[in-house]
Amino acid sequence: MARKPSDYQSDIWNDWCPGCGDFGIVAAMYRAFSELDLPPEKTVIVSGIGCSGKTPHFVKVNGVHTLHGRAIPFATGIKLANPELTVIVNGGDGDLLGIGVGHFVALGRRNIDLTIILHNNTVYGLTKGQASPTLRRGLRPKALPKPNIQDAVNPVSLALASGFTFVARGYSMMTEHLKELIKEAIQHKGAALIDVLQPCVTYDNIHTVEYYKKRVYKLEDTGWNPKVEKIEEKEEKIVKAWMKSQEYDDKIPIGVFYQDPHTPSFEERIKERIPSYLETPPARQKIEREGKTIIDSEAFRKIFSYYIVETE
Amino acid sequence: MFNRLSIIIGGPQGAGLETSAQILTYSLAYLRYGVISDREYFSNIKGRHSYVHFNISSEQIPTSLTYPVQLIAALDHETVFTHFDSLEEGGVITYDVFTEEKTLDTTPSMEEDLKIRLRKIFKELGIDGSIKSLVRYISEDKKIHSVPLNYSEIINEAAKKLVLPASQAARYVSSIIIGAVSGLTNVKKKAIEYSLARRFYDRPELAQQNKVIVETVYDKVVREHGPILELAPSKLNHREMMIVSGNDIVAMAKTVGGVRFQSYYPITPAADESFTIESYEKLEVDGLEIGSILVLQTEDEIAAITSAIGAALTGARASTSTSGPGFSLMVEGLGWAGMNEAPVVITYYQRGGPSTGLPTRGSQSDLLFTLYASHGEFPRIVLASGDHLEAFYDAIEAFNLAERYQTPVIHLLDKFLANSIVTLPVPDLSNINIDRGLIIHNGGADYKRFNLSTTISPRAFIGSNCIMWYTGDEHNELGHIDEDPENREKMYRKRMEKIKIADEEIPEEKRLTYYGPEDADVLLVGWGFVKGVALDALKTLAVKGIRTAYLHIRMFSPFPSKSVEKLLERFDKSKVITVEHNYLAQAGKAILINTGVRITKEVVKYTGRPIYLNELVDGVLKILKGEDRVVLTYGP
Amino acid sequence: MGESVECNKCLHFTVHPSYPYIVICVDLGQVVAQPREACRNYVSKTWDRLIKQLSESGFLYCVECSRPIFNEEELRKHKTEFIPFEFFTDEVAYEEAPSGD
């Protein structure tokens, strides 16, 4: 019997602000996990710091709540050591695009099979509403003493430039749509980003539910085809997706911007070098025999013969 | 005939020196000599002065480096300028006659400080400062035997006989040096031939070309000068010898110890270890794969430690390898591992700091940093190895301790060890155990990662049959955030008490070693690479009638407090001396913190060069004459 | 409008999440002392509407229990409790909230 969305709800009291967009994200995750019937013990949510960082505690799968900005490298270690796990990263905009942006870019370069759910609310919620890297210049959410004078980074554009092979945007108050994006991202073999627009009810009086309601539209309703059908199309598709990502004022597109199933995942690249990698990854190797090393003296001499000189 | 020889070969970095050193070391090992060699080089790819300082023995495997040296073999003139002063009376210098007109003014790669010092010396000596004048002076006044060779002529002669590919040019100069050194020390041609064949196993034509040059020089040197520095036949009887750097031996140890995930960000002097592991990523014996290791080059050291922790949570033995600047970045991750009781190993090769400091030079200045790095309190295990063999066993034990006590382990090494190449018997593997600690494979629905019923909770791997939570926040048994004061106290104590358990379980005699006579008068206290030179100093001091012992500390956390305190009580306070590669005498501070005993005498060195036997002995003598602190500075 | 309806059945009706005794009409943007007779902007908060809202936004929030509601089953449990359709933005919250992480 397939698992229900409620099977993924943990018993922990959720202390996000009433009405927070994070609830929509976690609701979409419950539904997506259920529809994919993910085994909780083979699923891992890795998060950073801040409101989004608490996500793993509210979901009944393995949860690793890490350091500010470092969810991606923690997830990288977990996934590469045991690639049979489904690993999802929940991070805020400050987390993934501020303090942790180097890891974000590096993930694109590697194309590891991870799903990144970016909680994009333009502010640092848990430290009182400072400007996040996605807050546009000139804006002044109510907690800011002065308007923001730094430019915003566009998560979709950056993901495309970094090499992510699945790039999408969702909206936390359109849970069914977001759920579908999460399912697609998890099923995609490679680095997947979902930039989730998410109103912060306490600190962001600009990007409200009303604000997004007026602007958000679905790419799929316009006949958008994000998929690189043949590898030759890659350049054309990525340029189109990037142009589309720049649309962010009166109208904000949501949906899948870009999907490239051709670029090999990092796991496949490792397998090229270590053919046994997927069958016996680091986490599933036996490293001892009755408390002794599997490399005995004889094996040692054979493996490291380069360093051993037979004397005269 | 010599039972012991110190040799320096020097030249521009990246131009043949490494090959010379390697071939000579192989040859010496083949002939069963014991060798230790230290590499000194600048933070530079090619062109600056670099040298290898050998200590060779026919009676034992030497553990320290010393001055003066008996032979200098110079690939270039900067080597002659830099090292002429290090020659023993009656020693030998071999150099290129082509460089005889060179002066400091035509040595742009040399640092101005040294030039200033040398100009002053040359002025005092009344010489014009050319290589020719300098060689004449040391030949006459210091009875140095000079062996001038015409490098270009030798290579041109060889080129007439052989097709010498230009791409290998630096190797031909390196072969001249090999020929000169082996001829002067009477290292058999057979040994050189063996080493060349080994070195160029995949390019036999190179072995042949270099052999011709080596033998030409060898014959010429023997013909014209004789084997002035002939080594006595070796009394050692090893049937096999390993030739390894500190980086190599740690890489091998990790492989044996079961590392399955190694992450790193390039940094000197740690990166070679990861390179070596990567070249053995597929562990094959007789064509059969017995395991594999994933080596991940990360985008920074933060990713290096955090990805290693991630891998450790899934059950893979995981480690990262770094130096000071990298460890500084890892500190927050270290705290997360402490908070989450994650077994991760950090191999830490110290180099000269602070900041970029002396990136290619050695140091032991990060001990206190290592012991206290990261905010908050959590247990950690800190091992420090004194030589290659200790490093081998400690690198394996580091994983056992990490998993047994579910805590980060820092394995402290230094650049001296990382880059010094030694001959070493193949380590005995029969006594090595793999201890994975308390692991639960069947956690089930009620699994609690931080179960408080035992101090060390059974550890299930992510991906096994249960689910678990981890968080950097204070947490409850399940791993969920919990700020309750009672829970806080219990969890805090649970973590901290693990170090108490480790302290009870790990015998103190494994954490320190006392060398020397039981009734010694003088006690040297040290750690890390100091071990080798301290052990040699005991012998030299004994000859001078000073009964000296050496206390080697191999684990700083948990600290072997009882034994150290008891040992120190036995000695007159004025005769206990810490010997360290830092300014503060940091191990002395660690002893004070852990035992309340203050050591007031110290011999320290922080120039980035290793402590040499000669200067350590002098330093100890000064302390015994009443000085409190001696700062060593020898070595270019 | 036949019989009189109180405005607490209206979907514009909400309460302060921390102080449920402060009653607010999000349509008017002001505190309404207590439920009164429905005005002409009244929109009935029917079960079907709640279900629809739950399905679209993925969650509702029970102010009385301070718990999110993610599915119909949970909604049924909170049926008699107060579940607002919308949350008003409390302008002072940011001045009052501490820094938390």
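## Exercises on a three-chain model

Between chain A and chain C, the rule finds eight residue pairs in polar contact, with both residues at pLDDT 80 or more. A polar contact is a pair of N or O atoms within 3.5 Å; within protein, one must be able to donate a hydrogen and the other to accept it, and residues adjacent in sequence count only if both atoms are side-chain atoms.

Before you start: this is a predicted model, in which local features need pLDDT of at least 70, side-chain atom pairs count only at pLDDT 80 or more, and totals for chains, interfaces and linings use all residues. Residues are numbered from 1 along each chain as its sequence is written, chains are lettered from A and ligands numbered from 1 in the order in which they are written, and side-chain values use heavy atoms, with hydrogens and water left out.

### Exercise 1

Describe the interface of chain A and chain C: how many residues does the contact take from each chain?

Step 1. Count the residues in contact (heavy atoms within 4.5 Å). Chain A gives 29 residues and chain C gives 26 residues.

Step 2. Turn to buried area, the accessible area (1.4 Å probe) that two parts lose on being put together, summed over both. For chains A and C this comes to about 2200 Å², with 58% of it on carbon and sulfur atoms. On the side of chain A, the residues that lose the most area to chain C are A:Trp13, A:Pro18 and A:Lys142, together 24% of what that side buries.

Step 3. Look for salt bridges (a side-chain nitrogen of Lys or Arg within 4 Å of a carboxyl oxygen of Asp or Glu). Across this interface of chain A and chain C, the rule finds zero.

Step 4. Ask which helices take part. Helices (H or I, at least four residues) and strands (E, at least two) are DSSP runs, numbered from the N terminus. In chain A, α1 (21-36) and α6 (175-187) each supply at least two residues of the side that touches chain C. With six residues, α1(A) gives the most to that side.

Step 5. Sort the residues by kind. The side of chain A that touches chain C has 15 nonpolar, ten polar and four charged residues. Here Ala, Val, Leu, Ile, Met, Phe, Trp, Tyr, Cys and Pro count as nonpolar, Asp, Glu, Lys and Arg as charged, and the others, Gly among them, as polar.

### Exercise 2

Now meet the other partners: which of the two pairs of chains in contact share the most contacts?

Step 1. Chains A and B share the most. Their contact takes 66 residues from chain A and 84 residues from chain B.

Step 2. About 6400 Å² is buried between chain A and chain B, and carbon and sulfur atoms give 60% of this area.

Step 3. Seven salt bridges cross the interface of chain A and chain B. One salt bridge between these chains joins the side chains of B:Lys190 and A:Glu312 (3.6 Å, N to O). There are also 35 residue pairs in polar contact between chain A and chain B.

Step 4. Check the remaining pair. No contact joins chain B and chain C, and their closest C-alpha atoms lie 10 Å apart.

### Exercise 3

Sketch chain C from its secondary structure: how many helices and strands are there?

Step 1. Chain C has three helices and five strands. Along the sequence, they follow the pattern β-β-β-α-β-β-α-α.

Step 2. The C-alpha trace of chain C spans about 55 × 30 × 20 Å along its principal axes.

Step 3. Of the 101 residues of chain C, 36% count as buried.

### Exercise 4

Step 1. Recall the cut-offs: buried means under 20% relative accessible area, exposed over 50%, partly exposed in between (1.4 Å probe, protein chains only).

Step 2. B:His581 is in the loop between β23 (576-580) and α20 (586-595). B:His581 counts as buried because its relative accessibility is 3%. A polar atom of the B:His581 side chain lies 3.5 Å from the backbone nitrogen of B:Ile611.

Step 3. B:Ser557 belongs to strand β22 (residues 555-557). Its relative accessibility is 12%, so B:Ser557 counts as buried. A polar atom of the B:Ser557 side chain lies 2.6 Å from the backbone oxygen of B:Arg380. Beyond residues up to four places away in sequence, B:Ser557 touches several others, including B:Leu371 and B:Ile499.
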